[in-house]
Amino acid sequence: MATIANEPKAQSTVKPVKVFRLRGVTASVFANQAKSEGRDITFHKVSVQRIYKDGDEWRTTTNFGRDELPIAQLLMSRAWEFILDAEATPTADAETAA
């Protein structure tokens, strides 16, 4: 069973490893570290949000309208492809351990 190595940090202090943006919608990919059976592993999470203007202030939300759903779907697909590529690429640590 995998256990998370560190306590979760506030979302604002953790930087994404990749961000996909299109028409006010963003999909941010975060890399998380854990230990499983004595090995360090990386797993990814994706946060999707939309930016909009409320008066003079910019705000974000995780709610999407009908016309934003295909954009969110496209960005999540790109995030998924990025994660698959990242998981398929061996890291330097994994190469030296083998």
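1. A residue counts as buried when its relative accessible area is under 20%, as exposed when that area is over 50%, and as partly exposed in between, with a 1.4 Å probe and protein chains only. This is a predicted model, in which local features need pLDDT of at least 70 and side-chain atom pairs count only at pLDDT 80 or more, while totals for chains, interfaces and linings use all residues. Residues are numbered from 1 along each chain as its sequence is written, and side-chain values use heavy atoms, with hydrogens and water left out.

2. Serine 28 has 11% relative accessibility and therefore counts as buried. Its place is in strand S3, which covers residues 25-36; strands (E, at least two residues) are DSSP runs, numbered from the N terminus. Apart from neighbours within four places in sequence, serine 28 is in contact with Pro16, Lys18, Val19, Lys45, Val46 and Ser47, where contact means heavy atoms within 4.5 Å.

3. A salt bridge is a side-chain nitrogen of Lys or Arg within 4 Å of a carboxyl oxygen of Asp or Glu, and by this rule the count is five. One of them joins arginine 66 to aspartate 67, at 2.8 Å from N to O; arginine 66 is exposed at 68%, and aspartate 67 is exposed at 53%.

4. Salt bridges that share partners join Asp54, Glu57 and Arg59 into one network. Arginine 59 pairs with aspartate 54, their closest N and O atoms being 3.0 Å apart, and arginine 59 also meets glutamate 57 at 3.7 Å, N to O. Aspartate 54 is partly exposed at 41%, glutamate 57 is partly exposed at 47%, and arginine 59 is partly exposed at 34%.

Note on methods: Helices (H or I, at least four residues) and strands (E, at least two) are DSSP runs, numbered from the N terminus.
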